Amino acid sequence: MSEPEVVYLKDYLPPAYTVETTHLTFELAPEDTHVKATLRMKRHPEREAGVPLELFGANLDLRAISLNGEALPDSRYRIDGERLIIDDVPDDFVLDTEVVIAPEQNTALEGLYRSNGMYCTQCEPEGFRRITWYPDRPDVMAKFTTTVIGDKATLPILLSNGNPIDQGDLEDGRHFVTWEDPFPKPSYLFALVAGQLEVVESYFTTRSGRTVLLQLYVEPQNLHKTEFSMGALKRAMKWDKETYGREYDLDRFMIVAVDDFNMGAMENKGLNIFNSSAVLANPETTIDAGFQRIEGIVAHEYFHNWSGNRVTCRDWFQLALKEGFTVFRDQTFSADTNSAPVKRIEDVAVLRTQQFAEDAGPTAHPVRPDHFIEISNFYTLTVYEKGAEVVRMLRNLLGKETFRRGTDTYFERFDGQAVRVEDFVNTMADVSGIDLGQFMRWYEQAGTPRIDVAEEYDAERQEYALTFRQHTPATPGQVADSKLPLHIPVRMGLLNGRGNPIELAVGNERPGHEMVLELREAEERIVFKHVAEKPTPSLLRGFSAPVILNFPYTREQLAFLVKYDVDGFNRWDAGQRLAQEAIFDVMHAIQAGKAPTLDDTLLDVFDYLLKTPDRADRAVLAEMLQLPSEAYLAGQLAQVDINAIHDARAFVERSLAEQLHFHWQALYESNVTKAAYEPSFEQISHRALKNVALSYLCATGDEDALALADQQFKTATNMTDTRAALTQLVHRHAGKRADAALKAFEARWSHDPLVMDQWLTLQATQPHPEALDRVKALMAHPAFSLRNPNRVRALIGAFSQHNHVNFHRADGEGYALLADIVLQLNKSNPEIAARLVLPLTRYQRLDEAHQQLMRGALERIRNQSLSRNLYEVIEKALA
Ligand code: PHE
Ligand code: ZN
């Protein structure tokens with residue numbers, strides 16, 4: 001294929017023409033939807049007159065085009081790839097176009113498409129150009145009026161952004177509704193939905209006393225899954241008012257659940273469209289983690305109304321401006337609503353496992369990328385999760401109150417505008433007086449910074465010194481020498497030998513028991529005075545910066561921190577480090593052909609945690625009792641041996657299970673509840689502990705334990721307990737019990753695709769060598785479809801991301817399977833294909849044999865004609 005065009009941030013120019021108003025009319029039909037657009041346009045004040053007008057479009061069949069009411073002859077415009085160019089246009093004009101599109105044929109799920117017979121749209125980032133010719137870029141903001149026309153019997157509900165201003169019947173059994181959105185918006189926030197939908201309604205009264213109609217539209221079979229999300233939406237609306245002073249601005253807020261959706265959900269103005277997996281929940285069908293994920297996503301999309309919609313992005317390089325900030329907002333909402341330490345632990349686990357892996361691989365990019373081929377490839381963990389960490393650091397540097405003044409000022413200054421990351425950071429600098437010049441490097445430099453810390457203790461002078469050396473490794477396009485030191489906040493404290501916090505004294509400052517060090521240099525030494533004995537440092541509390549911090553802790557010190565640190569996050573982190581060292585001991589023994597043993601210190605710590613469970617709150621305890629994942633462990637090694645990691649982790653798990661058997665039994669029993677299910681934090685903690693205990697009990701492979709899992713499976717009244725039990729039966733390879741349970745589950749749930757996704761996932765992630773054949777067989781199961789992104793993620797995504805031993809089979813069959821599927825999706829859904837392929841690109845730390853197999857699979861993909869999405873990822877991976 002001809003090389004696709006690269007877009008650079010440095011080439012940004014304001015649009016030559018802006019749109020004041022956009023009038024759209026849709027006549028819906030599966031194969032030939034007619035879209036008429038009337039755009040009132042004006043020359044941009046900063047651009048000279050006479051510049052050609054440039055519109056974007058893809059897969060559009062142009063039927064008519066006229067300028068100021070006069071049809072344009074072919075000679076007046078040209079179409080060049082995705083651009084339509086009109087050479088001379090006046091300063092002020094009206095452009096009319098009519099195109100025909102085929103939603104039924106749209107399998108990419110960008111633009112207007114069909115999902116279970118309903119019509120819906122996805123326009124971010126560049127899907128609107130698949131609907132009509134338009135200056136489809138976020139810095140063009142227009143007022144939209146949209147008329148939707150459709151068959152009244154099959155499409156009784158016709159929705160778009162804003163408020164309905166007109167509706168009526170038409171001939172041939174059709175009807176129409178006209179919607180008007182009073183807020184100027186970029187085209188990526190446009191939405192349209194039409195179908196046979198049921199609606200659940202509620203109300204929310206804002207502080208200023210306005211009543212907002214809340215509507216949740218679902219297919220009839222999903223009506224029993226709406227209650228939780230409606231509650232979550234109200235909690236989010238209340239929280240955003242209290243925490244950020246943000247109120248909702250339209251009279252109605254609509255959410256629609258659709259089954260076929262590439263991402264989690266979309267914040268279209270007044271009409272959020274959700275992947276059904278991100279909004280539908282019910283105790284019988286949804287696990288606790290599912291409820292919490294849904295609460296977070298509902299909040300996230302709602303929060304976008306201010307951080308994203310009212311204040312939007314100037315260009316797509318600024319994506320983290322809305323996403324990083326909004327993820328930070330939803331993280332703190334969830335922390336305030338549930339357990340703050342658990343939320344932090346979970347978010348950091350994702351960041352350190354997945355974002356750090358991205359940062360260390362061929363697709364690494366800064367939080368604000370500076371070039372792209374396909375912007376859809378940049379909806380990444382780096383933009384979202386690292387982007388949120390950067391905002392969190394800002395809040396920690398400014399303090400909560402000043403940060404709030406900063407966000408107030410930001411919303412006030414830039415309301416209705418399309419802005420840049422600098423506008424956000426400069427506002428924070430203005431309100432605080434803090435120089436954030438160096439801080440901007442967090443947006444510009446890719447890669448995870450490393451901090452090596454060394455200690456010295458001078459008993460005579462009673463001084464304790466810490467030396468911090470930071471560096472950021474090279475990433476594609478950014479050599480190591482080009483990386484400058486970052487401004488890094490390190491929250492820390494010191495503990496004395498009895499586990500009590502030490503009063504800190506640095507220079508003339510007495511910050512108390514805890515302080516935030518602000519590192520700015522490549523190397524910095526900090527001296528603590530009046531330290532009567534050699535302390536144990538507790539560093540990077542709450543994970544105050546997205547870095548890898550190394551301190552040469554002894555195992556005794558790690559155990560000590562688990563017991564005594566005041567910071568819940570660091571207690572967990574110390575335990576994880578200890579577990580990691582114990583697992584790596586075993587791994588080295590296995591690799592050297594020696595008999596492995598379990599580290600005593602780790603055993604002691606687990607014994608301690610299980611004997612004094614109230615030392616940590618239950619939910620944190622459930623986190624502390626879990627070993628680091630194989631993916632996380634792999635990320636800590638320069639040379640990865642997948643099987644050795646798996647076997648070593650399994651050995652440690654089994655040893656803990658056997659040696660503490662009595663405790664696991666007790667933990668299980670003490671957390672069984674009879675209360676009716678609620679997704680409350682209290683109950684979630686009990687179930688988490690109970691199911692962690694079940695997992696250890698089953699790790700022994702004992703018949704009694706598997707019988708207990710079987711019994712839990714048969715008697716469970718909620719999906720959390722059902723799925724935990726079924727996972728044990730399948731993953732511990734419980735033979736007939738597992739088969740029977742899988743069958744029973746299938747018989748009960750075959751009508752519910754979101755539940756069957758879980759059935760697919762837990763089979764795809766079983767560590768047994770049978771997994772690959774099982775995945776292949778399941779691809780032919782009626783519950784699977786290559787057309788639906790949720791199904792693909794549940795089976796193929798789960799296998800390639802969470803079943804390391806089988807994905808990385810020595811015969812390369814795991815890679816071959818993924819490559820085959822990616823090539824099929826390359827044609828039907830490029831966005832999903834480019835995402836799904838990523839595990840194949842992470843071969844750098846594997847042995848030569850695996851590397852060759854993975855590269856071979858990538859080369860096989862490269863030999864085909866690729867979408868822009870896949871082309872960009874594959875080229876980076878093979879560079
Ligand atoms: N903007 C959406 C969100 O984060 C994500 C999304 C991106 C959805 C692209 C669809 C397509 O909330
Ligand atoms: Zn978002």
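**Cavity and pocket note**

1. The lining of the second largest pocket splits into 23 nonpolar, 16 charged and one polar residue. Here Ala, Val, Leu, Ile, Met, Phe, Trp, Tyr, Cys and Pro count as nonpolar, Asp, Glu, Lys and Arg as charged, and the others, Gly among them, as polar.

2. This is a predicted model; local features need pLDDT of at least 70, side-chain atom pairs need pLDDT 80 or more, and totals for chains, interfaces and linings use all residues. Residues are numbered from 1 along each chain as its sequence is written.

3. The second largest pocket holds about 1000 Å³ of space. A pocket is an open set of points on a 1 Å grid over the protein atoms alone, with protein on both sides within 12 Å along at least five of seven lines; lining residues have an atom within 4 Å of a point. Volume is the space filled by probe spheres set on the points, which are joined across faces, edges and corners.

4. This pocket has 40 lining residues. V7, E54, F56, R83 and R137 lie nearest its centre. β4 (53-56) is one of the strands supplying at least two, and gives the most, with three. Strands are DSSP runs (E, at least two residues), helices likewise (H or I, at least four), numbered from the N terminus.

5. The whole structure has three cavities of 30 Å³ or more. In a cavity, a 1.4 Å probe fits but cannot get out.

6. Residues lining the largest cavity include V562, F606 and M624. α11 gives the most, with four residues.

Notes. Chains are lettered from A and ligands numbered from 1 in the order in which they are written. Side-chain values use heavy atoms; hydrogens and water are left out.
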